[in-house]
Every structure is written in structure tokens, then in C-alpha cells.
Amino acid sequence: MTQAKIDEKRLIGFLADLLNTPSPTGCADLAISLCQDTFSSLPGVTCKLTRKGALLVTLPGQHNDAPRGLTGHVDTLGAMVKEIKPGGRLVMTQVGGYAWNSIEGEGCTVFTQSGKKVRGSILLNQASVHVYGAAVSDTKRSADSMEVRLDEAVHSDEDTRALGIEVGDYIAFDPRVEVVNGFVRSRHLDDKAGVACILEALRVLAESGQKPVQTTYMLVSNFEEVGHGAAAGFPADLTELVAVDMAAVGNGQNSDEFHTSICIKDSGGPYHNGLSQRLRALADAEKIEYKADVYPYYGSDGEALLRSGGDVAVALIGPGVDASHSYERTHTQALTATVQWLLAYLTN
């Protein structure tokens with residue numbers, strides 16, 4: 001697949017569409033639906049929803065004696081309404097793990113049970129410097145000190161409930177997608193970037209008239225950010241899995257925004273050495289530049305499958321993403337290199 005023709009415009013276009021589709025963990029149906037419509041348009045591909053609401057995509061291969069798997073997740077960080085304050089503003093509970101200060105000042109959408117969407121902003125309870133002075137900078141950001149200010153004329157909890165908002169409603173953070181100078185800057189590149197890379201690899205295969213060496217299952221998971229996304233959903237004959245998720249970038253890390261990376265070990269332990277070595281050999285043969293790394297605070301859908309008792313070899317690759325679980329950024333070079341690596345894996 002050295003001459004694979006990756007369509008960068010198409011890759012980034014789908015990624016932007018997916019990023020702009022809200023999908024906090026537990027409320028990812030819109031993103032799953034977008035993926036189902038898009039993956040099912042590929043020739044020979046079949047799609048079905050699991051009972052948990054994930055999407056299982058099957059791509060027939062040249063052989064079917066050792067089926068392989070890919071996985072990426074579309075569920076993202078978010079929040080839910082924990083309490084409606086007497087003045088009508090909202091107390092949040094986290095969905096996924098992130099620092100509270102990373103969402104301060106962000107726009108958001110509340111999804112009510114009736115389907116109504118209510119806009120708002122995430123702010124410190126005492127946000128005005130002109131009123132609260134040094135307390136604004138001194139206050140620790142937490143669930144108790146932050147709130148959602150609704151863009152509605154509400155003055156009481158009754159006013160807010162009249163909008164259809166109730167405890168347990170989902171809150172999605174604005175992604176703020178921007179593509180500039182080859183960079184893609186947005187929330188939720190973890191892991192919508194990985195899903196977009198997998199889609200582009202399958203599209204390139206379809207356009208070239210090729211089948212993967214082995215029948216390949218692709219699970220678009222919807223509960224990764226809370227730890228059990230790919231714990232179920234793959235057929236029992238799966239033999240190995242390549243999870244495609246973001247590579248962590250920062251001080252002490254080998255990964256960067258311009259390369260694809262392979263994770264050798266994360267907080268759950270080492271990945272499968274044999275499969276990882278095979279992927280590295282394929283990258284070397286295809287002259288794909290990559291980074292090898294160890295992530296200290298990280299887990300993946302591959303681990304979820306293993307912890308559920310999956311008897312499969314698991315490896316993890318993905319594009320480098322700066323400022324993970326905050327306002328993230330990657331580069332087109334990292335995305336296309338990830339696609340190239342996936343194509344090498346699927347065809348060898």
C-alpha cells in the first residue's frame with residue numbers, strides 16, 4: 001500500500017463533521033448514527049448496532065481463519081445535570097475524566113428528555129472580577145464552584161424545569177473546530193480523530209478494489225471514556241485487535257502532533273509485544289515515521305476487552321494529540337501517517 005492515495009480533504013471533512021456532532025458518553029447516538037451512515041456506504045461492508053449501542057462494522061477479507069479487529073470511540077468527555085439551583089443555574093457532574101478548569105468559559109448544550117436543546121456557558125460561580133476580586137483567581141475549580149449559566153430568561157429552578165431541563169440531562173461541550181496551517185484544533189479529537197483515520201483507511205481499500213488479508217471487524221465504541229467501551233461487541237472469533245486512539249503529547253513524552261505513535265505501555269500495563277513488533281516492522285517497511293511511547297495516565301478500549309476476558313493480542317496506535325482532555329490539537333501529518341499504518345496492517 002505504499003502508493004495509497006489518501007484524500008486529506010475527505011479525511012478532515014469527515015473528522016470535522018464528527019467533531020461537530022455532540023456525543024458525550026451515554027449520549028453518543030448521533031455520532032454512532034453518522035458513522036453508521038458513512039461506513040455502510042462502503043462496498044461490501046455490513047454494519048449492525050450492538051445491544052449497548054456501539055457500531056460493529058464488518059469488512060470481508062481474503063481469508064477468514066483469523067479475523068482481526070480495529071476499534072475507535074466516538075463518545076467524549078461531557079457532563080450531566082446534577083442539581084438545579086434555586087436561581088435556575090445548573091450544577092454538573094462529570095462524564096469522563098478531566099480537570100474542571102479545562103472547561104471554564106466553554107459554551108455548551110443541554111439535551112432535555114423531550115429532545116429540546118438549550119444553550120449555555122460553563123462558568124465559575126463567582127465569575128466577575130469586578131464583583132468578587134481576587135476570589136475569582138483564588139477559587140479552586142470543582143463541581144461545587146462551577147455552574148452552567150443558561151441562555152434563557154430563568155430566575156428560579158421552576159423556570160429552568162419549565163424549559164424541560166431535569167436532573168440527569170446530558171451536557172455537551174462545544175468542540176470549537178478549526179483547521180489552520182495543517183493543524184486541526186478542537187475538543188474531542190480523543191478519539192474522533194482515530195475513527196476518522198479508520199474510515200479513510202477503509203475508503204482507500206474500497207477505492208483500490210482490495211480486501212484486507214483477514215476479515216476485519218471495526219467497533220465504533222460509545223463508552224470508552226468511562227472504561228467499558230469495547231468490553232463487549234466483538235465476535236468470538238476475533239484473534240487480535242489494534243485500538244486506534246490518540247497519542248499523549250507533553251513533557252516527558254516521545255509522541256508529538258506531527259507523528260503517529262505506538263503505545264508500548266500505559267497505566268494498565270504493556271500491550272502485546274508480538275503484535276506491537278509486527279506493526280513496527282510494517283511501519284519501517286512502508287517508511288512510515290512513527291514514535292514509540294509510554295503513557296502514565298491512560299487506558300484504552302483494548303484494555304477494556306482484555307479485562308473482560310478477551311483472549312486476543314492487543315496493540316495501540318494513533319495520531320499525536322496535544323493537550324489531551326482539554327482543548328486539543330493534532331496535525332494532518334499525524335492523521336495521514338496513522339491511515340498509512342492502518343493500510344499496511346490491513347493488507348499484510
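Which backbone nitrogen does the side chain of Q214 reach at 3.0 Å? The first view below gives the answer, and the other legends walk through further close-ups of this predicted model.

**View 1. Q214 and its contact with A66.** The side chain of Q214 comes to 3.0 Å from the backbone nitrogen of A66. Q214 belongs to strand β12, which covers residues 214-221. With a relative accessible area of 8%, Q214 is buried. Leaving aside residues up to four places away in sequence, Q214 touches L59, G61, H63, N64, D65, A66, P67 and R68. If you want to set up this view yourself, those residues are the ones to display around Q214.

**View 2. Strand β11 between two antiparallel partners.** Strand β11 spans residues 183-186 and is joined to strand β10, residues 178-180, by three bridges. The two strands run antiparallel. Look for V180, whose bridge partner in β11 is F183. Two residues sit between the strands of this hairpin, and N181 takes a positive phi near 55 degrees there. Strand β11 also pairs with β19, residues 328-331, through four bridges, again in an antiparallel arrangement. Here V184 has T330 as its bridge partner in β19.

**View 3. A salt bridge from K85 to E147.** The structure holds 14 salt bridges, and this view shows one of them, between K85 and E147. The closest N and O atoms of the pair are 2.7 Å apart. This pair links distant parts of the chain, 62 residues apart: K85 is in the loop between β4 (78-84) and β5 (90-95), while E147 is in strand β8, residues 146-150. Are these two residues buried or exposed? K85 has 18% relative accessibility, so it counts as buried, the cut-off being under 20%. E147 is buried too, with a relative accessible area of 5%.

**View 4. A salt bridge from R141 to E104.** In this pair the closest N and O atoms are 2.9 Å apart. R141 counts as buried at 17% relative accessibility, whereas E104 is partly exposed at 32%.

View 5. D157 and R161 meet through their side chains in a salt bridge of 3.7 Å, N to O. Both residues lie in helix α5, residues 157-162, and are four residues apart, about one turn of the helix. D157 is partly exposed, with a relative accessible area of 21%. R161 is partly exposed as well, at 37%.

**View 6. A salt-bridge network.** Side chains of opposite charge can pair when their charged atoms come close. In this close-up, R10, E200 and E207 are linked in a network of salt bridges.

View 7. Helix α6 runs over residues 189-208. How far apart are its end C-alpha atoms? They are 28 Å apart, and this agrees with the 28 Å that 20 residues should span at 1.5 Å a residue. The helix is mostly covered, as 17 of its 20 residues are buried. The peptide bond from D190 to D191 is cis, with omega near 5 degrees, and D191 is placed in α6. After the helix comes G209, with a positive phi near 75 degrees.

View 8. Most residues other than glycine have a negative phi, and most peptide bonds are trans. K287 is not a glycine, yet its phi is positive, about 60 degrees. K287 is found in the loop between α7 (273-285) and β17 (290-294). This residue is exposed, with a relative accessible area of 74%. A323, also a residue other than glycine, has a positive phi near 60 degrees. A323 lies in the loop between β18 (313-322) and β19, and at 29% relative accessibility A323 counts as partly exposed.

Note on methods: Residues numbered from 1 in each chain as written. Predicted model: local features only at pLDDT ≥ 70, side-chain atom pairs only at ≥ 80, totals over all residues. Heavy atoms only, no water. Pairing = 2+ DSSP bridges. Salt bridge = Lys/Arg side-chain N within 4 Å of Asp/Glu carboxyl O. Buried < 20%, exposed > 50% of the residue type's maximum accessible area, 1.4 Å probe, protein only. Polar contact = N/O pair within 3.5 Å; in protein donor to acceptor, adjacent residues only side chain to side chain. Contact = heavy atoms within 4.5 Å. Expected span 1.5 Å × (residues − 1).
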